[in-house]
Amino acid sequence: MTLPILYSFRRCPYAMRARLALEAGGIEVELREVFLRDKAPELLAASEKATVPVMVLDDGTVLEESLDVMRWALDTSDACETLMPDQGSMRGALALIERMDADFKPHLDAYKYLYRSDQVAAFAAREKALPFLQELDGMLAGQAYLYGQKRSVADIGVAPFVRQFAHVDRDWFYAQGWENVKPWLSAFLESDAFKHIMKKYPKWVAGDDVTVFPPSEV
Ligand SMILES: N[C@@H](CCC(=O)N[C@@H](CS)C(=O)NCC(=O)O)C(=O)O
């Protein structure tokens, strides 16, 4: 049986959420670790835009967006049940992820990329990212996860980006209020699922043995 192929990059938050959704559904794929500065020709042939993650299914279908990989995992496995919010709806949880991509991620990118070269601009971008974090903090009041007391698709879709935001300047991040976001992020970082999907792999080249993801052990 041929497995779907997942082109992935360990540290990419989009690839993380795709891997988390696959892991939640117990879906096995052939993982091909990509180096962004030296992308495999096979990735470039499968996807013109060649961002990660990219998933190539058995029938040749190519999923070029992390959210499409997540939706595919929800549709084809137990992930739909495992990652179903216990408050609100799956649709609402997915909409939160889309809103994060549109309203938070651009400011996160500017903050991260300008941090070393232009702190005034970086801090202005950081300021613009704050309303979304404050919204998350409000959602997490009195509950462990964004949509209740169980992990849902929203948590795995959003947390990798909050991690990236926190890591730009950890001292500053952990000195802020966000009394609900901080424990939520810590629980995510310490979760078995996160450890499982963060296993390190060497760069894939054609001819390598197949790497099956999720790994049987971390
Ligand atoms: N909208 C895409 C964005 C994916 C994305 O931008 N991934 C980054 C890495 S985190 C990437 O591949 N960038 C292209 C590059 O660096 O060449 C998704 O959700 O999958």
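Start by selecting helix 1 (residues 13-24) and helix 3 (residues 66-76). Their axes come within 9 Å and cross at roughly 5 degrees; axes here are lines fitted to C-alpha atoms, for helices over the stretch in contact, and angles run from 0 to 180 degrees between N-to-C directions. The two helices are therefore roughly parallel to each other (angles under 35 degrees count as roughly parallel, over 145 as roughly antiparallel, 65 to 115 as roughly perpendicular and the rest as oblique). Helices (H or I, at least four residues) and strands (E, at least two) are DSSP runs, numbered from the N terminus.

A quick note before moving on: this is a predicted model, where local features need pLDDT of at least 70, side-chain atom pairs count only at pLDDT 80 or more, and totals for chains, interfaces and linings use all residues. Residues are numbered from 1 along each chain as its sequence is written.

Now show side chains where the helices meet. Which residues of helix 1 meet helix 3? Look for Tyr14, Ala15, Arg17, Ala18, Ala21 and Leu22, which face Ser66, Val69, Met70, Ala73 and Leu74 in helix 3. (Being in contact takes C-beta atoms, placed from the backbone, within 7 Å.)

Next, click Ser77, in the loop between helix 3 and helix 4 (79-82). Leaving aside neighbours within four places in sequence, Ser77 touches Gly25, Gly26 and Ile27.

Zoom in on strand 2 (residues 29-33): four of its five residues are buried, so it is largely enclosed by the rest of the structure. Four bridges join strand 2 to strand 1 (residues 5-8), and these run parallel; find Tyr7, whose bridge partner is Arg32. On to strand 5 (residues 212-213), which runs antiparallel to strand 2 and is joined to it by two bridges. Val29 has Phe213 as its bridge partner there.

Last stop: strand 3 (residues 54-56) and strand 4, joined by two bridges and running antiparallel. Val56 stands opposite Val62.

Terms used: Buried ≥ 20, exposed ≤ 12 C-beta atoms within 10 Å, placed from the backbone. Pairing = 2+ DSSP bridges. Right-handed = clockwise from strand over helix to strand, strands pointing away. Contact = placed C-beta atoms within 7 Å.
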